[in-house]
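Try each task yourself before reading the solution.

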Amino acid sequence: MGQDNPREEQSSSASSSTSSLRQAIEVVTSLISFSYGIRAFAVKWQMLRNKLEELHASLIAIENCDSTQNPILSGLVSAIILAANNCHDLARRCMDLSYSGKLLMQSDLDVMSAKFDRLVKNLSEICTAGVLTQGFAIVVSKPVLNACKEDMRFYVRDLLTRMKVGDTEMKRQALGNLHEVVVEDERYFRVIVEVGDIVHVLVNLLDSPEIEIQEEAAKVVSVISGFDSCKAVLIGSGVIGPLVRVLESGSELGKEAAARSLQKLTQNSDNAWSVSAHGGVTALLKICSNGDSRGELIGPACGILRNLVGVEEIKRFMIEEGAVSSFIKLARTRDEAVQISSIEFLQNIAAGDESVRQLVVKDGGIRALVHLLDPKISSTYKSREVALRAIENLCFSSPTCISILTSYGFIDRLLFFLRNGDVSVQELALKVACRLSGTSEEAKKAMGDAGFMSEFVRFLDAKSFEVREMASEALTSMVSVPRNRKRFVQDDGNISILLQLLDHEEANSGNKKFLISILISLTSSNSGRRKIVNSGYLKNIEKLAEAEVADAKRLVRKLSTNRFRSLLSGLWHS
């Protein structure tokens with residue numbers, strides 16, 4: 001009597017298990033396809049289809065697995081086949097409308113949905129225990145660009161299964177694939193929101209002991225956190241705490257991704273307290289004060305803290321922890337992104353708070369900002385623009401700060417950019433100079449001594465109306481100071497230019513009013529009145545006065561003194 005060969009039995013068993021798994025995949029695939037044609041109980045079938053797709057993805061992931069001989073898995077596969085066949089019967093009756101009653105069919109569909117839900121969870125538990133291995137997993141191909149939503153959903157569900165039940169390498173690859181598709185196609189954001197549990201799994205993976213898994217999960221979260229619908233789901237899944245923990249102990253790339261995520265999430269101030277409650281403020285300040293941190297990390301870290309300063313208690317904590325001096329140091333770095341982020345933080349933390357503004361000044365903030373305007377150092381237009389804006393916001397309301405600015409050479413540097421550089425740089429410098437000319441008499445005198453008036457005159461004939469108006473407004477303010485007025489009149493060409501430009505401006509324009517206002521200021525000196533009368537452009541003023549332009553008539557009266565009356569027409573009495 002011959003004996004059975006154990007190896008043949010083992011091979012036969014493996015073959016049988018593989019065959020059963022293939023049968024389960026085919027039955028589930030057929031059921032999913034058939035379900036799309038069902039019109040009755042559409043919501044119930046959509047829920048069932050979602051569970052079937054998740055089940056299908058899990059089955060695909062373990063196909064040809066070297067552990068299919070596991071009796072528990074084999075039993076589960078048999079249960080899946082039986083349930084799918086039973087569900088197929090329900091599907092056929094829904095398609096043919098041959099069911100006995102709606103309530104009974106709804107109940108049967110609910111029971112079937114719960115059964116598939118248990119099968120999915122059981123399969124996940126078995127795989128997590130070690131059944132699924134990378135060497136035997138079959139990877140579902142990424143959908144082509146502009147693929148239909150169903151293909152995208154199926155692919156995301158497959159990735160979700162791998163993230164839940166795969167080994168380290170499979171999870172890493174699934175996260176990498178998910179990151180790739182969300183970067184390439186924004187439609188995947190909606191799919192992620194619709195596919196239940198995926199955001200929750202991502203949040204859990206942020207706490208993975210495997211650094212590479214943590215890092216890949218943080219990269220995905222950093223992308224989807226920029227999408228409003230995903231933000232709400234992420235916050236609901238408790239993402240803030242895990243992100244803060246990545247900031248504290250993750251890899252450099254993981255920290256950068258976590259910081260980018262938190263920067264987007266804290267744009268909503270409601271999330272500020274959550275970051276603080278998990279120790280995020282301390283972790284962020286540590287990053288920003290650490291000289292070894294990369295600019296790619298410090299930039300978004302600054303951005304997060306900038307978003308949090310709106311909460312008074314958090315702002316006070318930052319100040320107590322030395323945030324102001326730390327960010328002034330960052331403003332001196334060579335990294336443009338860090339410079340800009342740190343300066344914007346200083347503006348935000350000092351906004352509307354005189355004590356903090358004084359602290360910025362005391363700790364050398366003004367010197368750091370003026371340094372960025374030094375033409376000799378290599379700075380981009382963007383960083384200089386931010387520095388100028390910060391100086392304007394932090395210093396122009398205080399005579400003391402203006403004196404400090406002057407002592408640091410700010411006036412000369414502002415004049416340099418007014419005279420040099422491309423149009424955008426000059427226009428920005430003009431805006432700041434215009435604002436500065438309206439701050440104090442000390443500033444006006446310093447600007448007059450430096451030579452700003454001739455530059456303002458040059459811009460009076462610019463193509464841009466806005467530029468012409470800023471230049472004329474600044475000049476109006478400058479000539480209100482006697483010393484500047486005397487200097488302006490000494491240049492014979494200045495008055496001629498003003499009178500010529502009166503012809504070019506539209507009647508009643510704001511710029512024309514500024515030009516006339518400048519001329520009225522100049523009539524306070526005999527030299528100014530004489531040069532206006534002798535300029536040969538009196539007809540321009542007469543036309544304006546005849547047109548009932550009030551400021552022009554006022555100018556005429558200013559010129560109408562005993563000394564000059566014989567030179568003028570009878571308009572003085574109009």
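**Exercise 1.** Find which residues V120 touches, leaving out residues up to four places away in sequence.

*Solution.* Leaving out those sequence neighbours, V120 touches K51, E54 and L55. Keep in mind that this is a predicted model. Last, look at accessibility: the relative accessible area of V120 is 7%, and buried means under 20%, so V120 is buried.

**Exercise 2.** Work out how the rings of F41 and Y99 are arranged.

*Solution.* A search of the whole structure finds six aromatic pairs. For F41 and Y99, the ring centres are 5.3 Å apart and the planes are at 55°, so this pair is tilted. F41 sits in the loop between α1 and α2, and Y99 in the loop between α3 and α4, so the pair ties together parts that are 58 residues apart in sequence. Both residues can then be checked for burial: F41 counts as buried at 14% relative accessibility, and Y99 is buried with a relative accessible area of 18%.

**Exercise 3.** Decide whether the pair F327 and F345 is stacked or tilted.

*Solution.* Start with the centres, which are 3.9 Å apart, and then take the planes, which are at 25°. Planes under 30 degrees apart count as stacked, so the pair F327 and F345 is stacked. F327 lies in helix α17 and F345 in helix α18, so the pair ties together parts that are 18 residues apart in sequence. F327 counts as buried at 0% relative accessibility, and F345 counts as buried at 0% as well.

**Exercise 4.** Describe how helix α18 packs with helix α21.

*Solution.* Begin with the geometry: α18 (residues 336-350) and α21 (residues 381-395) pack at an angle of about 15°, and their axes are 9 Å apart. Angles under 35 degrees count as roughly parallel, so α18 and α21 are roughly parallel to each other. Their crossing is left-handed. Then list the contacts: residues including I340, I343 and L346 in α18 meet residues including V386, A390 and L394 in α21. Sorted by type, the residues of this contact divide into eight nonpolar, four polar and four charged.

Key
Residues numbered from 1 in each chain as written. Predicted model: local features only at pLDDT ≥ 70, side-chain atom pairs only at ≥ 80, totals over all residues. Heavy atoms only, no water. Axes fitted to C-alpha atoms, helices over the stretch in contact; angles between N-to-C directions. Helix = DSSP H or I, 4+ residues; strand = E, 2+ residues; numbered from the N terminus. Parallel < 35°, antiparallel > 145°, perpendicular 65-115°, else oblique. Left-handed = near helix turned anticlockwise from the far one by under 90°. Contact = heavy atoms within 4.5 Å. Nonpolar A, V, L, I, M, F, W, Y, C, P; charged D, E, K, R; others polar. Phe/Tyr/Trp six-rings, centres within 6.5 Å; stacked < 30°, edge-to-face > 60°. Buried < 20%, exposed > 50% of the residue type's maximum accessible area, 1.4 Å probe, protein only.
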